[in-house]
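Open the model in your viewer and keep the selection panel at hand. The stops below say what to pick next and what to look for there.

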Amino acid sequence: MAKNEEALFPLADHFATPYQQVESSKLGMWLFLATEILLFGGLFTAYSVYAYAHPGVFKEAHRYLDVTLGMTNTIVLLFSSLTVVLAIHAAQKDKIKWVVFNLGLTIVCAAAFLVVKYFEYAHKFHAGLLPGRYFTNATISNPDQAHIFFGIYFLMTGLHGIHVVIGIGLLTWILLRAIKGDFGSQYYLPIEISGLYWHLVDVIWIFLFPLLYLIR
Amino acid sequence: MTIYENKPSYLNEQKGLTSWLFTLDHKRIGIMYLASIFFFFIVGGIFALLLRTELLTPGKTFLEAKSYNQFFTLHGTIMVFLVIIPGIPASLGNFVLPLQLGAKDVAFPRLNLMSYYIYVFGSLLAVFSIFLGAIDTGWTFYAPYSLQTQEKVVMMVTAAFILGFSSIFTGINFISTIHKLRAPGMNWFKMPLFVWGIYATSIIQVMATPVLGITLALIVVERLIKIGIFDPTLGGDPILFQHFFWFYSHPAVYIMILPGMAIISELITTFSQKKIFGYRLIAFSSIAIAIISFLVWGHHMFVSGQSALIGMIFSALTFLVAIPSGIKVFNWVATLYKGSISFATPMLYALSFLFLFTIGGLTGVFLAVLSVDVHLHDTYFVVAHFHYVMVGGTFMAFLGGVYYWWPKMFGKMYDERIGQLGAWLVFLGFNLTFFVQFYLGSQGMPRRYYNYLQQFQTLHVISTMGAYLLGLGFLVVLINWIHALFYGKVAPANPFHATTLEWTHASSPPIAHNFVRQPIVTEEPYCYGDEPHHIHGLAHKGA
């Protein structure tokens, strides 16, 4: 399983060359990433509108988020972006063992992210720091507006969390194909495409973390 | 349908229902879209006829007020999300685009089939929600009413959300196809103008639809757990909903009209047998419309409470849209000048488009004027305006396009006389229905009202009669198509002497892989030479 130079490029019928197929797939993925950014863009806009309308409330409410856990997750995700790149690099060098290792590490990181997120959410549920009508926290000074902060917090991190879960599924599928011997220096397009997706998930978190956890 | 037995084509290459349901062929997917879209068009059209019938008299004619509210919502929602937005790109775009580019298929055939099934699933969910409790919010789902009504808003909104994915995937597919799968020699300025129009449309589909997605998701969350984003009683802002909604839905208006313009560019040049006037200007004006479309959404909100300054900026930006639209219309008219014009059925629709779109476009400029809009906002004037653009513009082009590519799609000719009759009925019925609505609106008849003053009744009756005539016209069109499918004469490869690849290099209907040999493009599209053919009806020999 160490070397796999025989994994040939599965050229689809309607493409003339592998180059054309690779270029088309990458362009399609970049366009999809653009739609993802716009999807989150709506939530970033909502965040901006309410952060502008109630700056004091947002400043107070964000103290209920745990910066240490948020920071841990940021590091975990950044590291997982590195391992995806290493997996692509290994595929280019035909080192399939390293492809499998790095993809596996990425999936472990993604799972670790979700575990940390679970503890964060559990704490919020416990303290009644929930969106809308479920908001029951009594210690916060302005609950009528503070619930909007937590509404936006859960929407943004929740939508991001869904993307992490989809990422785990996607990377697991790629991992299984790598074990099967589908990839090598001739063909590693699916790893690259999934990697692009995983970087997006990472980049969105890079914006979520300061906006939600580090308000000044 | 003997022709299908004789020569190999995409229609007879594989047989049986499953060969259609699991096909990856862009042509078959296009045909399936076409059938589905016209099915939902009939559903939406029936709601329209019921509405117009109810409006024959002030007060109750035969519907309760609540049913009336539900019916106009369903008419709008079905026509917008199930018919006109997917309409031309998903059906004709799917069929024609790869052929015009000289490609074997779209870039991602499996994604293409998936977006079809997403469309079907979303559409069925929308129709299913009608039986559980049809929504009554209007197709715009404005908060806070959409947060309060007892009807199945969540289900309908989820359906629209799902349909959005279909639209996004189609857009991604087409952009990638246009960038990467053009035939050797076909540079950007050798592409047919239909391709340019679909390209501009796809950009809007990809860039605007996700924002609708998140907006509709927020409506669902707001209804389910009262999160307080749009609901003013929870500290939310209903105006924010309008901003979000129109940030998508204004560009969506251009998702609807740009493919119509794309078809018109093909029809005008083919049926004038003359090189299109101002190719690059038409191409770039499509892109210009796509870009400006993102900057004008606030003109829906002149009376919603946005600041006067913002209103002025949006008004000025809205005027800008008239420039690329005007460029197109003038170029089409210049193409007609000294052309060898034939009044075959597709051309009748193209000329209808020129008349009706011009009226629809110019009345749009009236509405962009801040002071005039205060008077006309939410009246029948607005209803007439957007029907002139959506039906008079897009739908005329759609019908013209289906007639034009019919011989290519099915290898059969349509009946020219029934075709002309249908085109005239549609044109007259349409104008009768909607022209009076400009006057109704300017006199103060508000849109979406169940009841009205006695003085408006005559005009409402005229409008309803027009709607029946329009319905009859569509019926004639439908009969002609079904007739052509079974009894149409065998179509030659290039019955209209067009110059784009789907006519010059592919048979009618094309083979499964489109071309026997990879076409190589050496000249610009629309080179008709010095002695153009004169197409008189369909009485001419094949290519």
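Select Ala491(B). Buried or exposed? Ala491(B) has 23 other C-beta atoms within 10 Å; the cut-off for a buried residue is 20 or more, so Ala491(B) is buried. Keep in mind that this is a predicted model.

Now show the surroundings of Ala491(B). The residue sits in the loop between α16 (457-487) and α17 (501-504) of chain B. Which residues does Ala491(B) touch, beyond neighbours within four places in sequence? They are Pro407(B), Gly411(B), Lys412(B), Met413(B) and Ser508(B).

His497(B) counts as buried, because 21 C-beta neighbours fall inside 10 Å.

Go on to Ser508(B), one of the contacts of Ala491(B). The peptide bond from Ser508(B) to Pro509(B) is cis, with omega near -10°. Pro509(B) belongs to the segment after α17 of chain B.

Jump to the loop between α5 (109-133) and α6 (145-148) of chain B, where Pro144(B) is found. A cis peptide bond links Ala143(B) to Pro144(B), and omega is about 0°. In this loop between α5 and α6, select Phe141(B) as well. Phe141(B) is not a glycine, yet its phi is positive, about 50°. With 23 C-beta neighbours inside 10 Å, Phe141(B) is another residue that counts as buried.

Next, display α9 (238-272) of chain B together with α10 (279-292) of chain B. How do the two helices run relative to each other? Their axes come within 11 Å and cross at roughly 175°. Angles over 145 degrees count as roughly antiparallel, so α9(B) and α10(B) are roughly antiparallel to each other. Show the side chains at the contact. From α9(B), take Tyr254(B), Leu258(B), Met261(B) and Ser265(B). From α10(B), take Ile282(B), Ser286(B), Ile289(B) and Ala290(B). Colour them by class: six are nonpolar, two are polar and none is charged.

Bring in chain A. The contact between the chains takes 31 residues from chain B and 28 residues from chain A. On the side of chain B that touches chain A, the elements giving two or more residues are α7 (153-180), α8 (193-225) and α9 (238-272). Start with α8(B), which gives the most, nine residues. By class, this side of chain B has 20 nonpolar, six polar and five charged residues. For the complex, the predictor gives an ipTM of 0.92 and a pTM of 0.94.

The C-alpha atoms fill a box of roughly 65 × 45 × 45 Å along the principal axes. A compact globule of 543 residues would have a radius of gyration near 24 Å; the 23 Å of chain B agrees. Of these 543 residues, 57% count as buried. Among contacts between residues at least 6 apart in sequence, 85% join residues at least 24 apart.

Last, colour chain B by pLDDT. The mean is 93, and 96% of residues reach 70 or more. Then select residues 537-543 of chain B, where pLDDT stays under 50. The model has 13 contacts for this stretch beyond four places in sequence. Where pLDDT is low, predicted coordinates should not be read in detail.

Methods:
Residues are numbered from 1 along each chain as its sequence is written. Chains are lettered from A and ligands numbered from 1 in the order in which they are written. This is a predicted model: local features need pLDDT of at least 70, side-chain atom pairs count only at pLDDT 80 or more; totals for chains, interfaces and linings use all residues. pLDDT is the predictor's confidence in each residue, from 0 to 100. Two residues are in contact if their C-beta atoms, placed from the backbone, lie within 7 Å. Helices (H or I, at least four residues) and strands (E, at least two) are DSSP runs, numbered from the N terminus. Ala, Val, Leu, Ile, Met, Phe, Trp, Tyr, Cys and Pro count as nonpolar, Asp, Glu, Lys and Arg as charged, and the others, Gly among them, as polar. The radius of gyration is taken over C-alpha atoms; the globule rule is 2.2 Å times the number of residues to the power 0.38. A residue is buried if 20 or more other C-beta atoms lie within 10 Å of its own, exposed if 12 or fewer, and partly exposed in between; C-beta atoms are placed from the backbone. Axes are lines fitted to C-alpha atoms, for helices over the stretch in contact, and angles run from 0 to 180 degrees between N-to-C directions. Angles under 35 degrees count as roughly parallel, over 145 as roughly antiparallel, 65 to 115 as roughly perpendicular and the rest as oblique.
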